[in-house]
Amino acid sequence: MTPRTNAPHPSPQDLRAALGRFATGVTIVTTRAVDGSPVGLTVNSFNSVSLEPALVLWSLALRSNALPVFRDARHFAIHVLAASQRDLALRFATPGIDRWAGVEHQPSPAGVPLLAGGVARFECRHHSQHAEGDHLIFVGAVERCEHRPDARPLLYHGGRFYTEHPL
């Protein structure tokens, strides 16, 4: 097999295909809109930034309908999904549906909807935003976090869901 390249300037399709070869975890990021309604979406652009201070980041496409809500939010939560939450990941990635119908959640102290059953959760205060290319990068100051060391994570690679297997 010959590696596929398109140097020096890859097309968006080639770049997306190459980026899809990088396995990531799957998260759902949640917040509350000004009117109090819960907002959430599936995201795989989550990453750590700093331990001291405790900072994490994620990004959202500028064309996303949820952008104004997250841009104005003071708090958000990042839920790292467990392998058993594949259907939840698909639900929160589907446009035009009521993503919250029948989904159990509790409010955080800041009022952000918190989902149960994940591998880890980060409750964040908005720290900063950075517009880069066609995305807005959100940096959150972690106020609370929790994790379940026994839970298996949901992974995404090459357009498919996986879970880990020790080597």
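The largest cavity of this predicted model is lined by His75, Phe76, Ala77, Ser108, Ala110, Val112, Glu123, Cys124, Glu143 and Arg144. Strand 6 (75-80), strand 9 (120-132) and strand 10 each give two or more residues to that lining. The volume of the largest cavity is about 40 Å³.

**The largest cavity**

- The structure holds one cavity of 30 Å³ or more.
- Strand 6 provides the largest share of the lining of the largest cavity, namely three residues.
- Sorted by class, this lining consists of five nonpolar, two polar and three charged residues.

**The largest pocket**

- The largest pocket has a volume of about 1,800 Å³.
- A total of 48 residues line the largest pocket, and those closest to its centre are Arg16, Asn44, Ser59, Ala61 and His135.
- At least two lining residues come from each of helix 1 (12-19), strand 3 (38-43), strand 5 (55-61), helix 3 (86-93), strand 10 (135-147) and strand 11 (154-157).
- Strand 3 contributes the most to the lining of the largest pocket, with six residues.
- The lining of the largest pocket comprises 27 nonpolar, 15 polar and six charged residues.

- The secondary structure of the chain amounts to three helices and 12 strands.
- The radius of gyration of the chain is 16 Å, which agrees with the value near 15 Å that a compact globule of 167 residues would have.
- Along the principal axes, the C-alpha atoms of the chain fill a box of roughly 55 × 40 × 35 Å.
- Of the 167 residues in the chain, 35% are buried.
- When contacts in the chain between residues at least 6 apart in sequence are considered, 61% join residues at least 24 apart.

**Thr27, a buried residue**

- Thr27 belongs to strand 2 (residues 27-32).
- Thr27 counts as buried because its relative accessibility is 3%, and the cut-off for a buried residue is under 20%.
- The side chain of Thr27 reaches the backbone oxygen of Val43 at a distance of 2.7 Å.
- Apart from neighbours within four places in sequence, the residues in contact with Thr27 are Leu41, Thr42, Val43, Phe46, Ile78, His79, Val80 and Leu81.

**His165, an exposed residue**

- His165 is located in the segment after strand 12 (160-163).
- His165 is classed as exposed because its relative accessible area is 60%, and the cut-off for an exposed residue is over 50%.
- His165 and Arg152 are 13 residues apart in sequence, and their C-alpha atoms are 9.2 Å apart in space.

**The cis peptide bond at Pro53**

- Glu52 and Pro53 are joined by a cis peptide bond, with omega at about 0°.
- Pro53 lies in the loop between strand 4 (47-50) and strand 5.

How values were computed:
Residues are numbered from 1 along each chain as its sequence is written. This is a predicted model: local features need pLDDT of at least 70, side-chain atom pairs count only at pLDDT 80 or more; totals for chains, interfaces and linings use all residues. Side-chain values use heavy atoms; hydrogens and water are left out. On a 1 Å grid over the protein atoms alone, a cavity is a set of points where a 1.4 Å probe fits but cannot get out, and a pocket is an open set with protein on both sides within 12 Å along at least five of seven lines; lining residues have an atom within 4 Å of a point. Grid points are joined across faces, edges and corners, and a volume is the space filled by probe spheres set on the points. Helices (H or I, at least four residues) and strands (E, at least two) are DSSP runs, numbered from the N terminus. Ala, Val, Leu, Ile, Met, Phe, Trp, Tyr, Cys and Pro count as nonpolar, Asp, Glu, Lys and Arg as charged, and the others, Gly among them, as polar. Buried means under 20% relative accessible area, exposed over 50%, partly exposed in between (1.4 Å probe, protein chains only). A polar contact is a pair of N or O atoms within 3.5 Å; within protein, one must be able to donate a hydrogen and the other to accept it, and residues adjacent in sequence count only if both atoms are side-chain atoms. Contact means heavy atoms within 4.5 Å. The radius of gyration is taken over C-alpha atoms; the globule rule is 2.2 Å times the number of residues to the power 0.38.
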